[in-house]
Amino acid sequence: MLIQRSPNGIELPFSSEITPRAVFESRRRFIEQIAAGSIAGASLLAMAGREALAQTGGNAKLGARLNPAYSSMDQPSAYKDATTYNNFYEFGTDKADPAQNAGTLKPRPWTVTIEGEVKKPMTLDLDALLKLAPLEERVYRLRCVEGWSMVIPWIGYSLSELIKKVEPTGNAKYVEFVSLADKKQMPGVGSRVLTWPYVEGLRIDEANHPLALLTLGMYDETLPNQNGAPVRIVLPWKYGFKSAKSIVKIRFVKEQPRTAWNLAAPSEYGFYSNVNPNVDHPRWSQASERRIGEDGFLARKRKTLMFNGYNDVASLYAGMDLKKFF
Ligand SMILES: Nc1nc2c(c(=O)[nH]1)N[C@H]1C(S)=C(S)[C@@H](COP(=O)(O)O)O[C@H]1N2
Ligand SMILES: [Mo]
């Protein structure tokens, strides 16, 4: 491990084990912010000595370039945390279940069928998806409605790249994402916690927002099964459950899709599910959050930000009452 001295003399560990260029670039920007005095001392202390990026899973490398314009300065979560503390109910409801049980998922061969209100419906295999647009690394915060968050360097490209290819018709008002539901590969499918398949949805303008990421990897490797291999979406301004994993179908539709969580508990899970500290979930306050990995003696609750801090998306909801459309 290389130790680099920042402009104000604080020593930061440089992880050279993985994505050296991306790590270097993000740390350099981090250092610039420290120099500018815009990062609090507390977060600096919290990251000191941590080896968040030291260990990855050994999946195929993707060689993506960091997109600094769409990346958080927050310290990325440890790969270990991001891959052992998961929600993926197709593999069980405990946080440790997906890492334990998702070995039966077969992420190759895989196809995604794009259908509905489009001029060019198509079925793409994984290689076609990997080549559809240049892969970018984007360090996004992911906020779960249960009150925890992580910071993950995802790999993919804007979902809008795919949407362009299929040419939606004027009737395409919403986009529906359907996850795989195969009992043979997924021991949790058949349990009564949710209706299967897992379905999520977006309004078409939300789906076209550049932050919406069609995701094929993380930590510069292909996705681990428990994180939704081989392809998922990541919507950093929405609660984590909107980011459907292991997608097999993308449908362009006229009507607002009935999502799995909305069907299970309509009073708890609305369609929009934008991160909003002012609207509490009936069981969990949304005002603050616990960053996974920050549970040492320096642990502190972080204030949850409107749209999870991604204010770029605010114009999508101009004029909407976000307490009503939660
Ligand atoms: N198909 C499917 N997608 C899913 C889920 C799920 O149970 N099934 N859980 C969601 C929830 S609640 C969260 S918080 C995120 C977690 O993503 P991660 O495990 O990669 O952090 O995935 C979301 N996508
Ligand atoms: Mo979640």
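View 1. Tyrosine 140 is buried, at 0% relative accessible area (buried is under 20%, exposed over 50%, partly exposed in between; 1.4 Å probe, protein chains only). A search of the whole structure gives 13 aromatic pairs (ring centres of Phe, Tyr or the six-membered ring of Trp within 6.5 Å; planes under 30 degrees apart are stacked, over 60 edge-to-face, the rest tilted). One of them joins tyrosine 140 to tyrosine 310, edge-to-face, with 5.9 Å centre to centre and 75° between the planes. Tyrosine 140 lies in strand 6 (residues 136-143) and tyrosine 310 in the segment after strand 15 (302-303), 170 residues apart (DSSP runs numbered from the N terminus: helices H or I, at least four residues; strands E, at least two). Tyrosine 310 is also buried, at 10%.

**View 2. The pair of tyrosine 272 and phenylalanine 325.** These rings are edge-to-face, 6.1 Å centre to centre and 85° between the planes. Tyrosine 272 sits in the loop between helix 8 (260-264) and strand 14 (288-291), 53 residues from phenylalanine 325 in the segment after strand 15. Tyrosine 272 is buried at 6% relative accessibility, whereas phenylalanine 325 is partly exposed at 36%.

**View 3. Charges over rings.** The charged end of lysine 242 sits over phenylalanine 271, 4.4 Å from the ring centre (NZ of Lys or CZ of Arg within 6 Å of the centre and within 35 degrees of the ring normal). Arginine 138 lies over the face of tyrosine 70, at 4.6 Å from the ring centre.

**Notes.** Residues are numbered from 1 along each chain as its sequence is written, and chains are lettered from A and ligands numbered from 1 in the order written. The model is predicted, with local features needing pLDDT of at least 70, side-chain atom pairs pLDDT 80 or more, and totals for chains, interfaces and linings using all residues; side-chain values use heavy atoms, without hydrogens and water.
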